[in-house]
Amino acid sequence: FVNNERMWVTIDSLRQKTAICGVYMGFQANDDRYGEWNEVIYEVLRSEVCDLRQAGYRVVLKGDFNGHIGNIINKGIVGNHASVNKNGERFLNFLKETNACHVNGACRVQGDWSTRISKGLWTRQRGGVSTVLDYGVITCEYLDTVKSFEIDDKGVFPSGSDHNWSFLE
């Protein structure tokens, strides 16, 4: 089932090798019914990220991780809701274990919010409720290669979904 929930593309150029993964994690229900499902996906992703890094790839993941990660500085996203759910904990553990970081709310200079890389905040909006569930992720040593991360929380680009478009450059 993991093959249906993530897809890798690798790009080998003269300057750099990059591996990009599109990801979908099962939604977070109150009873955590997709917890094991998501754990298996994260286990596979951890192994793949490790292998790709050892092969010299910059690793980028983007997708719907279905996790709330709160607003704690250097962990969550400033301006986000405070709550962290089980999928959020899984996501944050995955980042720590793979030495990766989410680009949502990241700053070029640690703690200096004027150097924030991302624009926009809410990745999912429906029925007057705004949340962050979708993330751009890069292995930490390559964070300085990210030019921008734009989340279209103003609805400029219609998506036909309750998730907003996001653009990682």
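Is Arg53 buried, exposed or partly exposed? Arg53 counts as partly exposed, at 23% relative accessibility; buried means under 20% relative accessible area, exposed over 50%, and partly exposed in between (1.4 Å probe, protein chains only).

## Basis of the model

This is a predicted model, in which local features need pLDDT of at least 70 and side-chain atom pairs count only at pLDDT 80 or more, while totals for chains, interfaces and linings use all residues. Residues are numbered from 1 along each chain as its sequence is written, and side-chain values use heavy atoms, with hydrogens and water left out.

## An open sheet of three strands

Strands β5, β9 and β10 form an open sheet in the order β5-β9-β10, with mixed pairing. Because β5 (118-119) and β10 (166-168) stand at the edges with a single partner strand each, one side of each is left without a neighbour in the sheet. Strands here are DSSP runs of E with at least two residues, helices are runs of H or I with at least four residues, and both are numbered from the N terminus. Two strands pair if DSSP finds at least two bridges between them.

Strands of a sheet pair through backbone hydrogen bonds, either parallel or antiparallel. The pairing of β5 with β9 (residues 149-151) is in the parallel sense, over two bridges. Ser118 stands opposite Phe149 in β9.

Nine salt bridges are found in a search of the whole structure. A salt bridge is a side-chain nitrogen of Lys or Arg within 4 Å of a carboxyl oxygen of Asp or Glu.

One of them joins the side chains of Glu48 and Arg6, at 2.7 Å from N to O. Glu48 lies in helix α1 (residues 35-54) and Arg6 in strand β1 (residues 6-12), so this pair ties together parts 42 residues apart in sequence. Both Glu48 and Arg6 are buried.

Arg53 forms a salt bridge with Glu141, and their closest N and O atoms are 2.5 Å apart. Since Arg53 is in helix α1 and Glu141 in the loop between β8 (134-139) and β9, the pair ties together parts that are 88 residues apart in sequence. Glu141 is partly exposed, with a relative accessible area of 41%.

## Other salt bridges

Asp162 and Arg126 form a salt bridge in which the closest N and O atoms are 3.9 Å apart. Asp162 lies in the loop between β9 and β10 and Arg126 in strand β6 (residues 124-126), so the pair ties together parts that are 36 residues apart in sequence. Arg126 is exposed, at 55% relative accessible area.
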